[in-house]
Amino acid sequence: MSDDSITSILKEDRVFNPTAEFSSDAHVKSLKEYKKIYKKSIEHPEKFWAEKAKQLHWFKKWHTILRNDHGFFKWFEGGELNISYNCLDRHVNAGKGNKLALIWEAEDGEVKRYTYSELLAEVCKFSNVLKGHGLKRGDRVCIYMPMVPELAIAMLACARIGAIHSIVFGGFSSDSLKDRIDDCEAKLVITADGTFRAGKIIPLKVNVDLAIKKNKSVEKVVVVKRCKNKVTMKKKRDLWWHDEISKDNIEDTCPAESMHSEDSLFILYTSGTTGKPKGVLHTQAGYLLYVYQTFKWVFDAKDNDVYWCTADIGWITGHSYIVYGPLANSSTTLMFEGVPTYPSPDRFWKIVEKHKVSVFYTAPTAVRALMRLGDEWPKKCNLKSLRLLGTVGEPINPEAWIWYHKIIGKEKCPIVDTWWQTETGGIMITPLPGATPTKPGSATLPFPGIVPAILKEDGSEAKANEGGNLVIKKPWPGMLRTVWGDPQRYKETYFGKYEHIYLAGDSARYDRDGYFWVMGRNDDVIKVSGHRIGTAEVESHLVSYKDVAEAAVVPIPHKIKGWSIYAFVTLKKGTKGTEKTRKNIVAHVAKEMGHIAKPERIQFTDFLPKTRSGKIMRRILKAIAEGKKDVGNTTTLADPSVVPRLIKGRIK
């Protein structure tokens with residue numbers, strides 16, 4: 001095997017076809033229809049996207065569909081619209097004002113519901129609050145909040161008046177928050193007195209106070225009263241949300257600003273950055289169109305759906321597929337404050353039953369964690385309302401996919417395993433649920449208009465099953481426009497390796513059917529004796545062993561091989577981490593993937609270090625495996641106490 005290729009011998013050839021019943025009522029009804037649409041979309045991309053753009057409301061039509069301005073792409077130039085108007089007013093004006101727009105469930109089970117008319121009124125009121133404090137188009141607003149309705153309202157209010165929002169995940173530390181506020185020079189910060197997390201109160205306002213202690217750009221801080229947590233309110237600077245929206249002069253109507261297609265919409269800083277934060281910038285029309293169309297087709301949006309994406313709005317998934325995509329489609333979107341297992345391991349499934357959720361979109365990490373807790377929890381709940389399942393955030397291993405399919409979907413719900421990034425704005429590679437036969441672990445085929453490829457280091461095309469760098473060859477409407485304040489970094493990071501071709505930073509392969517298999521970030525590839533091995537596939541084979549619930553692998557230096565594999569393994573309930581178990585797992589991986597891929601060391605653990613959104617922090621695991629005393633920042637972890645336990649259990 002060549003040095004350029006990636007060991008990709010995942011033995012997965014099961015194929016699951018959409019049911020005839022699902023396909024007959026789907027937006028895209030067959031693979032043949034998908035191929036016809038796809039062919040047109042890549043042969044005449046501008047015509048394809050212009051046709052789709054007619055579904056939106058425009059104050060003024062565009063004159064140029066696509067322009068390449070020295071490597072910076074512009075879509076629908078000359079056009080003017082407003083995203084808040086498209087997500088709210090458009091539906092109210094069409095007679096859907098009484099339709100449910102947003103369902104919010106608090107950690108303690110409290111529920112709030114907003115119709116489109118009610119949500120529009122709340123957004124207008126807060127838009128007027130912002131305007132009353134001098135906010136105008138182009139100003140930056142940093143939002144650092146829990147998963148409460150005010151978060152979505154604040155986003156839509158910013159979009160309504162043309163302010164640029166920059167949402168910072170509520171689990172980030174004050175230092176991380178400071179870096180982001182400073183970088184975008186935010187004029188106003190929106191936060192809360194605190195947030196509930198598995199029965200505990202996590203303070204947020206104190207982090208804001210620390211973050212802006214020496215800041216010169218922030219003029220006002222608006223605080224939502226969520227936990228009745230005692231906070232310090234600085235006179236003239238700090239304001240209570242409830243006081244501001246209830247003032248006599250705050251009206252529940254507010255005209256939507258007519259925004260140019262390429263005006264800035266939001267900045268979202270990518271997680272895990274070192275040094276200066278990398279602010280990914282998305283603009284108006286192209287982003288809205290892309291999340292609108294991907295939501296419509298990928299989730300096969302129906303008027304009576306109750307759709308639930310379990311992500312946090314602090315990440316791009318929440319921006320695109322909790323707020324903007326669903327609301328642009330006049331869907332009912334559910335927003336949940338808590339965690340999957342509090343106060344009991346069936347919390348997710350109880351919410352599905354309670355609200356009759358029909359479309360459910362979550363992370364593979366959550367699926368694996370819930371699978372580990374046993375089948376009895378979902379089986380206690382009525383999940384008959386579900387018609388479609390989805391995954392996002394990382395590749396899903398086949399065993400977790402099968403459990404999701406059988407236990408949650410009752411073998412009737414298609415699964416859309418989606419690949420995309422903060423930078424892409426929306427879903428790029430995915431099944432269309434009524435059209436695409438699926439393979440467990442594969443993101444399958446590109447969305448219409450998207451032209452992905454697998455390139456080797458020298459820029460040549462990889463062959464089937466060979467593996468290499470995942471790239472996108474042609475521009476698409478939802479793509480990032482630049483890195484905030486650093487256009488050179490944008491060019492170097494995304495277009496520096498292959499000229500005029502977007503580098504995703506992920507390793508992938510395609511199989512003989514043209515299906516894409518994403519194996520993780522390029523830095524999630526381990527080079528063992530000259531062979532590049534995708535960590536996602538090693539983890540998949542570990543989890544396919546009968547006693548393993550979850551696994552994460554990282555590279556450690558090896559005198560002979562260069563690098564070897566260190567595995568952190570969580571076992572299913574009732575299984576002990578004996579030496580025999582360890583040997584059996586190693587033998588299983590060697591049999592399935594070959595001896596080159598077997599772990600050098602296996603550390604058994606009850607818990608893995610995860611962020612509040614469920615992402616495994618492999619950076620921390622790598623530091624532990626290498627025996628480093630300093631594992632870096634752990635403030636974003638849901639439970640930082642797992643780190644000392646992992647350090648103590650390290651295999652030398």
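Predicted model: local features only at pLDDT ≥ 70, side-chain atom pairs only at ≥ 80, totals over all residues.

Reply: Helices (H or I, at least four residues) and strands (E, at least two) are DSSP runs, numbered from the N terminus. Strand β3, which covers residues 72–77, is the part to look at, and Phe76 sits in it. Residues are numbered from 1 along each chain as its sequence is written, and side-chain values use heavy atoms, without hydrogens and water.

Phe76 has a positive phi of about 55 degrees, although Phe76 is not a glycine. Is Phe76 buried or exposed? Phe76 is buried, at a relative accessible area of 0% (buried means under 20%, exposed over 50%, partly exposed in between, with a 1.4 Å probe and protein chains only). Lys236 also has a positive phi without being a glycine, in this case near 70 degrees. Lys236 is found in the loop between β12 (220–224) and β13 (238–240), and its relative accessibility of 76% makes it exposed.

Phe76 also belongs to the largest nonpolar core (buried Ala, Val, Leu, Ile, Met, Phe, Trp, Tyr and Cys residues joined through side-chain atoms within 4.5 Å). This core has 150 residues, and those with the most contacts inside it are Phe76, Phe126, Ile190, Phe299 and Tyr324. For Ile190 the partners can be listed, leaving out residues up to four places away in sequence: Ile190 touches Phe126, Val141, Cys142, Ile143, Tyr144, Met145, Ala154, Val222 and Trp241 (a contact means heavy atoms within 4.5 Å).

Charged side chains come next. The whole structure holds 43 salt bridges (a side-chain nitrogen of Lys or Arg within 4 Å of a carboxyl oxygen of Asp or Glu). One of them pairs Arg137 with Glu257, at 3.0 Å from N to O. Arg137 lies in the loop between α5 (116–132) and β7 (140–143), and Glu257 in the loop between α9 (241–245) and β14 (259–260), so this pair ties together parts that are 120 residues apart in sequence. Arg137 is partly exposed at 34%, and Glu257 is partly exposed at 30%.

Lys178 is partly exposed at 32%, as is Asp182 at 30%. Lys628 and Glu626 form another salt bridge, with their closest N and O atoms 3.3 Å apart. Salt bridges with shared partners also join Arg368, Glu394, Glu539, Glu550, Lys610 and Arg618 into one network.

Two further points remain. The peptide bond that joins Tyr342 and Pro343 is cis, with omega about 5 degrees; Pro343 lies in the loop between β18 (332–336) and α12 (347–355). As for confidence, the mean pLDDT of the protein chain is 92, and 96% of its residues reach 70 or more. Over residues 1–9 the pLDDT is below 50, and this stretch has 36 contacts in the model beyond near neighbours in sequence.

Terms used:
pLDDT = per-residue confidence, 0-100.
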